[in-house]
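Q: Could we go through this structure together? I would like to begin with the strands and then turn to the metal sites.

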Amino acid sequence: MTQDLVPDIDRLILQRPASKTALSPFRELAVLMAQAAPEIKPVQVEKEMRDIQKQEGFPLFSRENLPLDLDAAAGLLKAFLVHLSTADRDDSKGLKKALKQAESGDGWPGRLFMAILKQDEKALAEMATGVNLDPNVLAFLGKTALRPSIERLRETASGDIDKTGWDKGYCPLCGSQPDMAFFEKTGKRYLHCELCGEEWPYSRIQCPFCNIQEQEKLGYFEAEEEEGFRVYFCRECLRYIKTIDKKAFEAAAPLELENLATIHLDLLAQENGFK
Ligand SMILES: [Zn+2]
Ligand SMILES: [Zn+2]
């Protein structure tokens with residue numbers, strides 16, 4: 001069984017009604033996700049190898065070599081498409097087309113997963129055009145379908161990772177960039193992996209994307225009347241990262257939900273020229 005996000009989604013919507021638009025459609029996927037039971041074989045990496053990897057700054061896996069249960073992910077993707085294509089949505093025609101492709105048996109879901117894992121924007125755009133869907137929607141569905149499998153892998157492999165002193169801007173498990181950050185109650189900063197959800201400590205005054213530490217190039221802004229959220233930005237590489245201060249909350253929701261619930265902060269950051 002996969003982590004059931006539904007209670008957290010319901011709580012977030014209740015506490016912050018503005019998040020409903022983003023979270024409601026995801027709630028339906030979360031119901032299907034909680035039923036997924038991917039099989040991940042125990043990961044065996046020699047300690048010696050792990051030490052070398054850490055020393056050299058290599059993550060445990062590269063994105064395209066993650067040992068995932070892609071069949072389980074393909075099954076879940078089909079379940080998403082069956083569900084969404086019958087819902088009242090503007091893109092239901094495209095979703096039906098995608099479902100047909102996913103059921104055609106020619107490996108379409110596998111190609112989608114590879115495009116996502118390899119971050120092959122071109123392949124992803126072509127696949128989306130082929131079924132008349134927005135590439136962002138298709139990527140989101142593919143990534144969400146992979147999630148239970150990635151979560152199982154993280155549970156299996158996370159113990160193998162020594163995160164102390166990692167202090168890199170990319171994930172020690174899969175090498176991906178962070179999509180969010182948070183301050184622990186002690187004030188220590190952690191980054192959250194956009195793909196596998198692993199969390200690791202990172203310097204407080206440093207850009208995770210270009211690594212600069214020059215304080216005058218780093219800054220943050222807050223949304224009005226919204227305590228506990230900040231957007232940290234870097235004037236060198238123009239990237240930003242949404243950050244939650246856990247001190248401000250009794251219990252913060254899983255960060256993948258907070259990420260969806262704070263899309264207005266992404267818009268704000270983008271309006272200010274950050275990416
Ligand atoms: Zn990761
Ligand atoms: Zn930077």
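**Strands and zinc sites**

A: In this predicted model, five of the six residues of strand E1 (residues 178–183) are buried, so strand E1 is largely enclosed by the rest of the structure.

Q: Which way do E1 and E2 run, and how many bridges join them?

A: E1 and strand E2 (residues 189–193) run antiparallel, and five bridges join them. Within this pairing, proline 178 has cysteine 193 of E2 as its bridge partner.

Q: What about the hairpin of E1 and E2: how many residues lie between the strands?

A: The hairpin has five residues between the strands. Glycine 187 takes a positive phi there, near 100 degrees.

Q: And E1 with E6: parallel or antiparallel?

A: E1 and E6 pair in the parallel sense, over four bridges. In E6, lysine 242 stands opposite methionine 180.

Q: Now the metals. Which residues coordinate the zinc ion (ligand 1)?

A: The zinc ion (ligand 1) is held by the SG atoms of Cys171, Cys174, Cys193 and Cys196, at 2.3 Å. Cysteine 193 is also the residue in E2 that is bridged to proline 178.

Q: Why is the arrangement around ligand 1 called tetrahedral?

A: The four donor atoms around the zinc ion (ligand 1) subtend angles of 98 to 120 degrees, which makes the arrangement tetrahedral. The cut-off for this term is that all angles lie between 85 and 135 degrees.

Q: How are the donors of ligand 1 spaced along the chain?

A: The spacing is C-x2-C-x18-C-x2-C. Cysteine 171 and cysteine 196, 25 residues apart, link distant parts of the chain. Cysteine 171 lies in the loop between helix H8 (135–157) and E1, and cysteine 196 in the loop between E2 and E3.

Q: Next, the zinc ion (ligand 2). Which residues are its donors, and at what distance?

A: Cys207, Cys210, Cys234 and Cys237 coordinate the zinc ion (ligand 2) through their SG atoms, at 2.3 to 2.4 Å. The site is tetrahedral, with angles of 104 to 114 degrees among its four donor atoms. In sequence, the donor residues of ligand 2 follow C-x2-C-x23-C-x2-C.

Q: Where do cysteine 207 and cysteine 237 sit?

A: Cysteine 207 is in the loop between strand E3 (199–201) and strand E4 (218–221). Cysteine 237 is in the loop between strand E5 (229–234) and strand E6 (240–245). The pair is 30 residues apart and links distant parts of the chain.

Q: What is the relative accessibility of cysteine 207 and of cysteine 237?

A: Cysteine 207 is at 3% and so counts as buried. Cysteine 237 is at 17%, and therefore counts as buried as well.

Q: Let us step back to the whole chain. How many helices and strands does the protein chain have?

A: The protein chain has 10 helices and six strands. Its radius of gyration is 19 Å, close to the 19 Å that the globule rule gives for 275 residues, so the chain is as compact as a globular protein of that length. The C-alpha trace spans about 55 × 50 × 35 Å along its principal axes.

Q: And what share of the residues is buried?

A: Buried residues make up 48% of the 275 residues. The chain exposes about 14,300 Å², of which carbon and sulfur atoms supply 50%.

Technical notes
Residues numbered from 1 in each chain as written. Chains lettered and ligands numbered in written order. Predicted model: local features only at pLDDT ≥ 70, side-chain atom pairs only at ≥ 80, totals over all residues. Heavy atoms only, no water. Donors = N, O, S within 2.8 Å, 3.2 Å for Na, K, Ca; no water. Tetrahedral: all angles 85-135°; square planar, octahedral: opposite > 155°, others 65-115°. Helix = DSSP H or I, 4+ residues; strand = E, 2+ residues; numbered from the N terminus. Buried < 20%, exposed > 50% of the residue type's maximum accessible area, 1.4 Å probe, protein only. Rg over C-alpha atoms; globule rule 2.2 N^0.38 Å. Areas by Shrake-Rupley, 256 points an atom, 1.4 Å probe, with all protein chains shown as cover. Pairing = 2+ DSSP bridges.
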